[in-house]
Amino acid sequence: MDMTQKALNVVAKVSGKDVAALQPELELVADLGIDSPKALQLLLDLEEELDIEISDEDAAKMDTVGDVLAFLNPA
Amino acid sequence: MGLDKDSRYGSILIGVGAGLARWIMLTLGWTWKTRVVAGQQYLDALLAKPRAVILSFWHNRLFLSGPFVYKSLLGKGLPITLLASQSRDGELVTRVCKRWGIHTVRGSASRGGLQAMRAIHRAIKRQQSSPIMIPDGPRGPLYYFKPGVVVLAQMSQAPILPYGIAARKFWSLESWDRIVVPRPFTDVAVVIGEPQLVSRELSSEQLETERQRLEEMLNDLTRQAEAAVGAADVARRPSR
């Protein structure tokens, strides 16, 4: 399973949405209901599942599903 | 320049306030007759085999808890971390903690506190430091166990160590939660609950159920502590 798929699985698990419904433009807070406690869960799960470290600065830039994926696959 | 001067004076004032608060807390705390009326075994087990736990009590017991945490945990070698708000109150708390050797993280568990919560998670995982997480702090709602604390416990797998603490005679300040300041030489009772591990496998709905259970548990422990010293609740606790 590649990084993108693993990340989508984590977002789906934390938000309680189906992976297929996760479009890049969806906002983590407004559309997926990821509030502060869930955001903590999301970041820690991403770090653990993908074996990466996400800095506070990078975390602050993640507003949408696309931002999460862009962090994992920088242009 | 004026601002620099103001901020310098402000900093000095907070420093003096912190010294004074620490001195009052320790001096008053020294006069209190504090006893653990239940749950001593959980404290003994923790000190015999130190590990990070999440210490939880209600916000209006903050002043009351200071000497207890200092004498019974920090003084016995358990590293402690405290989440302090970014307000002036939080600065005062941070200065007091620094003098006691308590590591502080600034932020709020509820509002934009993601960075602070991650810092606390790191303190648990990397330093085995036990955070003091006040579930209804820093500004309530009163006796509401915020979900952030439950998620922190779930993600860190550090058990929550809840405790109720109460004083027989006290003053209560005109704060949102009527913070308790025990009178000198009064009886103080502590009731420590069984450490609570939050499963990694819980769904959002199950987490809410767990949150409510922990809230009720902390209310029960606090009621037991109040009953042990014959004190009434300082604020009106919602009945469920």
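How are α1(A) and α2(A) oriented to each other, roughly parallel or roughly antiparallel? They are roughly antiparallel, because their axes cross at roughly 150° and angles over 145 degrees count as such. The model is predicted.

**Confidence**
- The mean pLDDT of chain A is 91, and 99% of its residues score at least 70.
- Within chain A, helix α3 (residues 56-60) has the lowest confidence, with a mean of 89, while helix α4 (residues 65-72) has the highest, at 94.

**Helices α1 and α2 of chain A**
- Helix α1 spans residues 3-15 and helix α2 spans residues 36-50, and their axes come within 10 Å.
- The crossing of α1(A) past α2(A) is right-handed.
- On the α1(A) side, the contact is made by A:Met3, A:Lys6, A:Ala7, A:Val10, A:Val11 and A:Val14.
- On the α2(A) side, the residues are A:Lys38, A:Gln41, A:Leu42, A:Asp45, A:Leu46, A:Glu49 and A:Leu50.
- Sorted by class, the residues of this contact are eight nonpolar, one polar and four charged.

**Where chain B meets chain A**
- Ten residues of chain A are in contact with 13 residues of chain B.
- On the chain B side, the elements that give two or more residues are α5 (114-127) and α6 (147-156).
- That side of chain B has six nonpolar residues, six polar residues and one charged residue.

**Helix α2 of chain A against helix α6 of chain B**
- The axes of α2(A) and α6(B) are 8 Å apart, and the helices pack at an angle of about 15°.
- Since angles under 35 degrees count as roughly parallel, α2(A) is roughly parallel to α6(B).
- α2(A) passes α6(B) in a crossing that is right-handed.
- From α2(A), the contact involves A:Ser36, A:Pro37, A:Leu40, A:Gln41 and A:Leu44.
- From α6(B), the contact involves B:Pro147, B:Gly148, B:Val151, B:Leu152 and B:Met155.
- This contact has seven nonpolar and three polar residues, with no charged residues.

**B:Val229**
- B:Val229 belongs to helix α7 (residues 204-229) of chain B.
- B:Val229 has 20 other C-beta atoms within 10 Å and is therefore buried, as 20 or more are required.
- Leaving aside residues up to four places away in sequence, B:Val229 touches B:Ala166, B:Ala167, B:Arg168, B:Asp187 and B:Ala189.
- B:Leu152, one of the α6(B) residues in the contact with α2(A), lies 77 residues from B:Val229 in sequence and 32 Å from B:Val229 in space, C-alpha to C-alpha.

Terms used. Residues are numbered from 1 along each chain as its sequence is written. Chains are lettered from A and ligands numbered from 1 in the order in which they are written. This is a predicted model: local features need pLDDT of at least 70, side-chain atom pairs count only at pLDDT 80 or more; totals for chains, interfaces and linings use all residues. pLDDT is the predictor's confidence in each residue, from 0 to 100. Helices (H or I, at least four residues) and strands (E, at least two) are DSSP runs, numbered from the N terminus. Two residues are in contact if their C-beta atoms, placed from the backbone, lie within 7 Å. Ala, Val, Leu, Ile, Met, Phe, Trp, Tyr, Cys and Pro count as nonpolar, Asp, Glu, Lys and Arg as charged, and the others, Gly among them, as polar. Axes are lines fitted to C-alpha atoms, for helices over the stretch in contact, and angles run from 0 to 180 degrees between N-to-C directions. Angles under 35 degrees count as roughly parallel, over 145 as roughly antiparallel, 65 to 115 as roughly perpendicular and the rest as oblique. A crossing is left-handed if the near helix is turned anticlockwise from the far one by less than a right angle, and right-handed if clockwise. A residue is buried if 20 or more other C-beta atoms lie within 10 Å of its own, exposed if 12 or fewer, and partly exposed in between; C-beta atoms are placed from the backbone.
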